[in-house]
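Hi,

Here is the structure I said I would pass on.

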Amino acid sequence: MARQEQEEHTKRWCALPEPYPKPMVVQPNLYYAQLLLEDYAGSLSEMTAINQYSYHYLMFVGEYEEIAHLEACIAIIEMYHLELLGETIKLLGVEPKYRTITGNCQTFWDASHVFYGTGLYDRLAADIAAEKLAIKQYRTHQGLISDKYINILLERIIKDEEHHLKLFLHAAARFCPDLFRNIDEEKPGNA
Ligand SMILES: [Fe+2]
């Protein structure tokens with residue numbers, strides 16, 4: 001993606017106005033690629049987030065316009081994360097197909113990873129949980145990766161996920177107070 005197009009991402013209302021580092025690696029590394037494939041196209045991954053938020057957009061549009069547009073805006077940022085991770089996996093020496101690799105076994109991404117849900121409450125709760133778990137998974141992978149370039153990129157992606165978590169929590173506070181009351185941590189303002 002061209003630098004100018006990249007800058008456009010930082011201007012989206014649901015993104016942090018901070019530049020992204022260019023994907024780089026110290027050297028090819030299969031183990032690091034395997035870790036990043038989990039963030040890229042595992043069960044808890046950018047691929048799952050894109051598809052979950054896009055589906056929630058479809059289900060909310062026309063009924064909960066504001067939340068629908070939040071889902072769509074965040075899905076587009078997750079697509080950019082997918083691209084950044086894909087470029088990094090390629091630099092690490094692995095084809096960025098939508099799958100994870102464990103030993104010699106490949107597991108392709110599956111649409112059953114998406115939490116489809118039935119209404120506002122369970123969908124927003126799942127989106128909030130997804131952002132929290134994504135942050136946790138990125139932090140775990142940062143601890144296992146000693147490539148400074150990859151860790152800088154993961155740090156920037158984590159900042160977006162923290163921002164998304166805040167936006168989903170704000171949406172829950174406004175449109176789903178029952179859900180918000182049941183979330184006893186990381187409320188907007190505390191994060
Ligand atoms: Fe993401």
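This is a predicted model: local features need pLDDT of at least 70, side-chain atom pairs count only at pLDDT 80 or more; totals for chains, interfaces and linings use all residues.

Residues are numbered from 1 along each chain as its sequence is written.

Now the overall picture. The chain has seven helices and two strands, in the order α-α-α-α-β-β-α-α-α along the sequence. Helices (H or I, at least four residues) and strands (E, at least two) are DSSP runs, numbered from the N terminus. With a radius of gyration of 17 Å, close to the 16 Å that the globule rule gives for 191 residues, the chain is as compact as a globular protein of that length. (The radius is taken over C-alpha atoms, and the rule is 2.2 Å times the number of residues to the power 0.38.) Along the principal axes, the C-alpha atoms fill a box of roughly 50 × 35 × 30 Å.

UniProt, in an unreviewed entry, lists residues 46-168 as "domain: Ferritin/DPS"; its positions are given in the numbering used here, feature names are shortened, and annotations may be inferred rather than shown by experiment. Over that stretch, residues 46-168, the chain is 72% helix and 7% strand.

Helix α4 (residues 65-91) has 27 residues and should span 39 Å at 1.5 Å a residue, which agrees with the 40 Å between its end C-alpha atoms. The expected span is 1.5 Å times one less than the number of residues. After α4 comes Gly93, with a positive phi near 100°.

The buried residues of α6 include Ile150, Asp160, Glu161, His164 and Phe168. Here, buried means 20 or more other C-beta atoms within 10 Å of a residue's own, exposed means 12 or fewer, and partly exposed is in between, with C-beta atoms placed from the backbone. The buried residues of α6 pack against α2 (30-41), α4, α5 (120-144) and α7 (177-182).

What about the core? The largest nonpolar core has 43 residues, and those with the most contacts inside it include Leu36, Tyr40 and Phe168. α4 gives the largest share of this core, eleven residues. Such a core is a set of buried Ala, Val, Leu, Ile, Met, Phe, Trp, Tyr and Cys residues joined through C-beta atoms within 7 Å. Leaving aside neighbours within four places in sequence, Leu36 is in contact (C-beta atoms, placed from the backbone, within 7 Å) with Leu85, Thr88 and Ile89.

Finally, find Ala134 in helix α5. Ala134 counts as buried because it has 25 C-beta neighbours inside 10 Å. Asp39 is 95 residues away along the chain, yet the C-alpha atoms of Ala134 and Asp39 are separated by 7.9 Å.

Cheers

Methods
Two residues are in contact if their C-beta atoms, placed from the backbone, lie within 7 Å.
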